[in-house]
Amino acid sequence: MTKSADYSEVDAMREIDEALGRLNSDAQKRVIEWAISKHQISSKASIGGNGALADSTVAKAQISKDIKSFLASKQPENFYERVACLVYYLEKFGDKTEVGTNEITQANSDARMSKLTNPAVFVKHATHTYGYLTSLGKRKFAISARGEAVVEAMPDRVKVEGAHEKFRFGNKGKRKAKPKK
């Protein structure tokens with residue numbers, strides 16, 4: 001289709017509306033994501049669960065679908081943050097609802113990162129010490145609200161600290177004074 005002075009934005013919107021109206025919500029989402037990617041549209045909005053634009057998340061077109069680039073952009077400072085980034089990526093872009101240690105290890109390899117020397121320990125500490133993951137039982141994990149906030153705040157360390165404050169984990173700093181005898 002050629003660009004023409006007599007073809008307006010309203011005409012384009014009408015055609016898009018008609019075309020999307022004939023598709024189910026999943027197909028609508030894929031078409032819109034394709035259009036954003038193809039035309040390199042940068043926007044703070046992204047496709048929400050109901051097919052509508054939602055401002056609460058970063059546009060998937062802006063986040064690389066490549067796990068290696070994703071981790072490079074997040075710049076995790078330690079293995080626990082790296083594990084959180086890997087699980088976040090697998091959930092958001094790999095359409096996983098739960099992941100095991102083997103999947104995390106494979107994602108780490110796919111990202112061409114240095115080997116996780118003891119992945120089970122890193123996953124355990126990312127879950128129980130840092131609160132980045134939630135244990136779902138049967139050796140399956142998911143990103144926690146805290147982990148999601150931390151990954152989304154990366155690489156800005158000030159925002160990461162803000163996420164740690166907003167989503168406190170454990171009883172650090174909440175110790176009660178021992179009663180006097």
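## Aromatic cluster and ring pairs

F79, Y80, F122, Y130 and Y132 form one aromatic cluster in this predicted model; rings of Phe, Tyr and Trp (its six-membered ring) are taken as paired if their centres lie within 6.5 Å, with planes under 30 degrees apart counted as stacked, over 60 as edge-to-face and the rest as tilted. Over the whole structure, the search returns eight aromatic pairs. One of these joins F70 and Y89, whose ring centres are 5.4 Å apart with 50 degrees between the planes, a tilted arrangement. Since F70 belongs to helix α3 and Y89 to helix α4, this pair ties together parts that are 19 residues apart in sequence.

F70 also pairs with F93, with 5.9 Å between the ring centres and the planes at 65 degrees, so this pair is edge-to-face. It links distant parts of the chain, given that F70 is in helix α3 whereas F93 is in the loop between α4 and α5, 23 residues away. F70 is buried at a relative accessible area of 1%, Y89 is buried at 10% and F93 is buried at 17%, where buried means under 20% relative accessible area, exposed means over 50% and partly exposed lies in between (1.4 Å probe, protein chains only).

## Nonpolar core

The largest nonpolar core has 32 residues, among which I67, F70, L71, V83, V87, I104 and L133 touch the most other members; such a core is a set of buried Ala, Val, Leu, Ile, Met, Phe, Trp, Tyr and Cys residues joined through side-chain atoms within 4.5 Å. Two or more residues each are given to this core by α3 (67-74), α4 (79-92), α5 (101-110), α6 (119-128), β4 (140-143), α7 (145-153) and α8 (157-166). Helix α4 supplies the largest share, namely nine residues.

A polar atom of the E81 side chain lies 2.7 Å from the backbone nitrogen of E77. When residues up to four places away in sequence are not counted, E81 touches P76, Y132, M154, R157 and V160, a contact being heavy atoms within 4.5 Å.

Strand β3 (residues 133-137) pairs with β4 in the antiparallel sense over four bridges, strand pairing being assigned if DSSP finds at least two bridges between the two strands. L133 has I143 in β4 as its bridge partner. The two strands form a hairpin with two residues between them, and K138 in the turn has a positive phi of about 50 degrees.

## Overall organisation

The protein has eight helices and four strands, these elements being DSSP runs numbered from the N terminus (helices H or I, at least four residues; strands E, at least two). Their order from the N terminus is α-α-β-β-α-α-α-α-β-β-α-α. Of the 181 residues, 32% count as buried, and of the contacts between residues at least 6 apart in sequence, 42% join residues at least 24 apart. The accessible surface comes to about 12500 Å², with 51% of it belonging to carbon and sulfur atoms, as computed by the Shrake-Rupley method with a 1.4 Å probe.

## Basis of the values

Because the model is predicted, local features need pLDDT of at least 70 and side-chain atom pairs count only at pLDDT 80 or more, whereas totals for chains, interfaces and linings use all residues. Residues are numbered from 1 along each chain as its sequence is written, and side-chain values use heavy atoms, with hydrogens and water left out.

How values were computed
A polar contact is a pair of N or O atoms within 3.5 Å; within protein, one must be able to donate a hydrogen and the other to accept it, and residues adjacent in sequence count only if both atoms are side-chain atoms.
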